[in-house]
Amino acid sequence: MKDLAEPGFRDSVDLMFDRAVRLMDLSPGLEQKIRVCNSTYTVRFGVRLRGKIETFTGYRSVHSEHMEPVKGGIRFAMSVNQDEVEALSALMTYKCALVEAPFGGAKGGLCIDPRAWDEHELEAITRRFAYELIKRDLIHPAQNVPAPDMGTGEREMAWIADQYARMNTTDINAKACVTGKPPHAGGIQGRVEATGRGVQFALREFFRHPEDVAKANLKGSLAGKRLVVQGLGNVGYHAAKFLSEEDGCRVIAVIERDGAIVNDEGLDIEDLRQWMNRHEGLIAQYPGGKHMPDGPKALELDCDILVPAALEGVIHKGNAAAIKAPLIIEAANGPTTFGADEILREKGTVIIPDMYANAGGVTVSYFEWVKNLSHIRFGRMQRRAEESRSALIVEELERLSADKNLGWTLAADFKSKFLQGSDELALVRSGLDDTMRTAYQSMREVWHGRDDVTDLRTAAYIVAIDRVAKTYRSKGL
Ligand code: NAD
């Protein structure tokens, strides 16, 4: 009988950290300072609902304040616990360092099944949780800036921002206390899609390097690659939609809470998502594919790229050996346990690690925070100036062509594209693309440049820890 016992999520992250620091030259004191989680605040609060007082438990964990504010999502799920928020806050520290977002790491969570409550009840609960955190500066534009995570989205972030504004009526930067808000409430274009878009940009960057693709025993471009996606929520839906509609990938299976839908021809992601919206988030009866009641088993399907985009610990010692995908991109946080990671490394599976793969969310959150502090939308000053300059070039080309009877005509779509100045969405996507490319290259340099580093995760940890260590050293620690 194989020993399938595994460390918890927090220990799993620490073991991955330890594997990387063994290859680095850090003093034991500094190593320990970076590893430990600085603080975790637990709050239990009551809300009067349906004629009685319901008590909820929430957490806000701050892993590292080497840069402030600290940043990290707030998760609403029944599985939330201290171990989980601490693990996720540690990952946030490393993620921010890897993509050069100037934040320390934090995370929050509330033990709740959001589907069990009506909208106005959820608002009362969210506002009360936010109140508890705001009064302790655990939500604050300069100190601690949450964002959405599993079970939360724009709506909850708008409630939190409003709660902060009510409690800090003269704070001109109040909107910067939380990111992931809807655009009409101080949010930024492109934040909802950001994490999934980042997964797409990460894969595009990976496939720009044929040597890396070969390490995963794959060939060619993204077009035609067969994907299995777990979780069709914010991250999974956007990643699957963009990769299938824009890059020619075929999503052959989607795994959800109630099993998997499999179709070798490729699933229509938009159609499936619309079906889920009409059927309480369920996929079992979806007519566009075959239903597999044992969802997790579909992680083992034969495919080119596996995209876990739901929750942690789904690839574990019990199924790692059976995973056939030669390439895994961790869209979720912590989907692979430490034990599974060792098995997959041994097998030669290439894993694009969570800390990089899902960093699109925090990257665009960073842009949103900057927008809130600067009180102006991106592109507002330069868009029309850019368009005027492009128009000058187009007019001059047309004049030259007519004067010299060259008979040139500019293609209509070139003209319309060239004449369009960059709006906020275009700038956000450009900034995200640049971030994902740059961060990949920093990991890649370590992956290829050192004989003792054989995987992208260890490379990512080395880059991130080195940056955090430098910040601590420059502070005199
Ligand atoms: P979400 O709540 O929008 O979606 C999660 C999806 O997973 C849902 O569709 C849910 O039904 C499904 N799911 C839940 N349990 C499942 C199970 N046992 N099997 C299969 N499917 C299951 O959450 P999200 O925001 O998309 O987050 C997903 C993951 O991505 C989490 O690990 C989160 O920490 C990570 N992440 C999210 C963001 C973000 O911007 N939202 C950023 C970085 C990382």
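Visitor: Which residues count as nonpolar, charged or polar here?
Guide: Ala, Val, Leu, Ile, Met, Phe, Trp, Tyr, Cys and Pro are nonpolar, Asp, Glu, Lys and Arg are charged, and the others, Gly among them, are polar. This is a predicted model: local features need pLDDT of at least 70 and side-chain atom pairs pLDDT 80 or more, while totals for chains, interfaces and linings use all residues. Residues are numbered from 1 along each chain as its sequence is written, and side-chain values use heavy atoms, without hydrogens or water.

Visitor: How many residues surround the ligand?
Guide: 22. Each has a heavy atom within 4 Å of it. The closest are Arg75, Asp149, Thr195, Glu256 and Arg257.

Visitor: And how does that shell divide by type?
Guide: Nine nonpolar, eight polar and five charged.

Visitor: Which atoms lie 2.8 Å apart?
Guide: An N or O atom in the Thr195 side chain and a ligand oxygen. That is a polar contact (N or O atoms within 3.5 Å). A backbone N or O atom of Gly151 is 3.1 Å from a ligand oxygen. For Gly233, again a backbone N or O atom, the distance is 3.3 Å.

Visitor: How much of the ligand does the protein bury?
Guide: 85% of the 830 Å² it exposes alone, by the Shrake-Rupley method with a 1.4 Å probe.

Visitor: New topic. What is the strand order in the open sheet?
Guide: β9-β8-β7-β6-β10-β11-β12, with mixed pairing. Strands are DSSP E runs of at least two residues, numbered from the N terminus. Two strands pair if DSSP finds at least two bridges between them.

Visitor: Which strands sit at the edges?
Guide: β9 (290-292) and β12 (350-352).

Visitor: Are β6 and β7 parallel or antiparallel?
Guide: Parallel, over five bridges. Val228 has Ala253 of β7 as its bridge partner.

Technical notes
A polar contact is a pair of N or O atoms within 3.5 Å; within protein, one must be able to donate a hydrogen and the other to accept it, and residues adjacent in sequence count only if both atoms are side-chain atoms. Helices (H or I, at least four residues) and strands (E, at least two) are DSSP runs, numbered from the N terminus.
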